[in-house]
Each structure stands twice: as C-alpha cells, then as structure tokens.
Amino acid sequence: MFRNWFSRLLARSERKPAWEAIPVLCYHSWTVNGSDYANNDHEALKQDLQILARKGYQVLPVEALVALLRGELDTAIVAGRKLVCLSFDDGRDHDYLPADYGAIGTIPGFHALLEQSREWLPLCIEGYRAVSFVIASPEARSILDQHAARGQDEWRDCWWEDCARAGIMGIANHSWDHVHDTLPEVQQRDNHKGSFHAIDTFDDADRQIAAAQDYINLKTGNRSMPVFCYPYGHVSDYVRDQYLPQHGAALGLQAAFSTAGASVTPQSNIWALPRFVCGWHWRSPQEFEDLLDAVLRGER
C-alpha cells in the first residue's frame, strides 16, 4: 500500500507543468542598414516567421501570455505547444507602413508581414499577433525623427488607431519620451537622459508612464494594450517593485517587459518579463534556430 502511494506521489512530482518557457521576440523597424538579414529587421522578421512555421510554432498573443501568468487563462490551452510571442519597439511608422529606402527598395511594414503570416503561421488563441511599443510624446518623436532616424516625418501617431482596430498588431506603452539621450529635455526631475533606471520616484514614473498611457489611449480610441515596455530594457527597481505593482492596475497595465535575454517562465516577475532582441541575442537564421532549440532544452 505504501509503495503504491509513494509511486503515485513520485509520478506527480515528476510530471511536467503545462508550460515551461515561452520566448518573447523583439524587433526594431528602424533597423534598415541593408537588404540582408543581419542589417534589416524587416527581412529578419520575414525569415523568422517562416522558420517558426517550419518548426511547428504557434504565435501566442502577448495579452494571452499575461493572462496565463495571472492565472486567468486555462493552461490546457498552451499545454504541449511550441509557442512564441512577438513585439516591436519604439513605434516608428515602419511598424505599420511600408517605406522607400532607395537602393534597398521598398520595404514592407511589420504589420504587412504579420498579415501575410496568417496563411501559414497559426495563432494559439485569438488576439493580436504582435505588440508595437510606442513612444508617446509627439515632441520627442519629432526630434528623434530628425536626429535618430531619416528626418522624413516617419515617427507619427496617425496610424495607431487604425492599427489597433485591425486586430493584427496592438499598440502599447513604451514611455513618454524614452528618456532618450538625443532629446534636449526629458521627463526626469534632473533631466537625466539615456537611462530608465533614473525613473525612481512617483512623480517621474507618473510623467513617463501614466502620461504616456493617457496619450496612447487617446490616440487609439482607448485600445491601448495593458502592457508596458522599459526604454532601453532598463528595469527601474522602483518602477518594477513599487510603482507598477501599486498603480499599474489603475492605469490599465498588467505587465511590463525588459530585454533581459531569457524566456518567460511561470516564475517570471510579471513587472519585468524578459525578451530576446533581434541583432543582439541572435543575428542570423541559424542563430535564431539555435536560440529556439536552446529554449526547448531549457537553456535560455
């Protein structure tokens, strides 16, 4: 009798959880320095979507990942599946719209690539295929367009609502001004630029996160996704441990993402979920496949 009881207990302890690790991938639509994979995130995304389909993956909407972590989604839905989440940072126009790059040619927006992938890369559950984390401040985006981009008025918010309504790519909060080091002034009490770690008081966090959430909701017809993305991937201890846990719900936020270079697991801090960044954590189709295989082995 004792042996049977112990065997059942051991079997339960060795049983794998419904899910163990889900990679969240990040791309930047402003990375267009050529037409090849290593220098063009649009080409990288196109090939990566095909690789995911060939390897039997399904796309898990970011909002479903958050629901899973919050215990609001039945784990049976994801059990036994190879899943991936997709995200884009900074919200330049090319997340949604095509662009003419002269000798490189016309590149499709990320949105068009996602739309095409519906034919052969399935969703695990209904929702957005990806999220575009956008910088809210019009003034900051205008300056960044001139100094950190091509200066062709390509960092606008006129497409946000259409995009959110289309249901393929959601829009979410990437702070007010990214505390970007090319800006003359940022919303930080000491005008400290280039590091979101400096956002360590309620007032600074409110100016960077709450103000951005209000503006994005205004421009999307209250369709902002309930997630935040740390600029530069810099996880401010104050924002992670105090501001978002205490005030996130009131702002409509349920989770936040970094760029920590690891998979999301059931043990991940919901206010600092890691992501892998194209061009940083992988740079070629083979490195991408190696990354996916490492995740499946529990190594990433």
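## How H2 and H9 meet

Are H2 and H9 parallel or oblique to each other? In this predicted model, helix H2 (residues 41-54) and helix H9 (residues 285-296) pack at an angle of about 40 degrees, with their axes 11 Å apart, and the two are therefore oblique to each other. The crossing in which H2 passes H9 is right-handed.

On the H2 side the contact is made by Gln47, Asp48, Ile51, Leu52 and Arg54, and on the H9 side by Pro285, Phe288, Glu289 and Leu292. Sorted by class, this contact has five nonpolar, one polar and three charged residues.

## Helix H7 and its surroundings

Helix H7 covers residues 202-220, 19 residues in total, and spans 26 Å from its first C-alpha to its last, which is close to the 27 Å expected at 1.5 Å a residue. After the helix comes Gly221, whose phi is positive, near 65 degrees.

The buried residues of H7 include Asp204, Ala205, Gln208, Tyr215, Asn217 and Thr220. Among the elements that cover the buried residues of H7 are strands E6 (130-134), E7 (169-173) and E8 (227-229), together with helices H5 (138-147), H6 (160-166) and H8 (237-251).

## How H7 and H8 meet

H7 packs with H8 at an angle of about 45 degrees, their axes lying 11 Å apart, and that makes H7 oblique to H8. H7 passes H8 in a right-handed crossing, where Phe202, Ala205, Asp206, Ile209, Ala210 and Gln213 of H7 make the contact with Tyr238, Val239, Tyr243, His247 and Leu251 of H8. By class, the contact of H7 with H8 has eight nonpolar, two polar and one charged residues.

Conventions:
Residues numbered from 1 in each chain as written. Predicted model: local features only at pLDDT ≥ 70, side-chain atom pairs only at ≥ 80, totals over all residues. Heavy atoms only, no water. Helix = DSSP H or I, 4+ residues; strand = E, 2+ residues; numbered from the N terminus. Expected span 1.5 Å × (residues − 1). Buried < 20%, exposed > 50% of the residue type's maximum accessible area, 1.4 Å probe, protein only. Contact = heavy atoms within 4.5 Å. Axes fitted to C-alpha atoms, helices over the stretch in contact; angles between N-to-C directions. Parallel < 35°, antiparallel > 145°, perpendicular 65-115°, else oblique. Left-handed = near helix turned anticlockwise from the far one by under 90°. Nonpolar A, V, L, I, M, F, W, Y, C, P; charged D, E, K, R; others polar.
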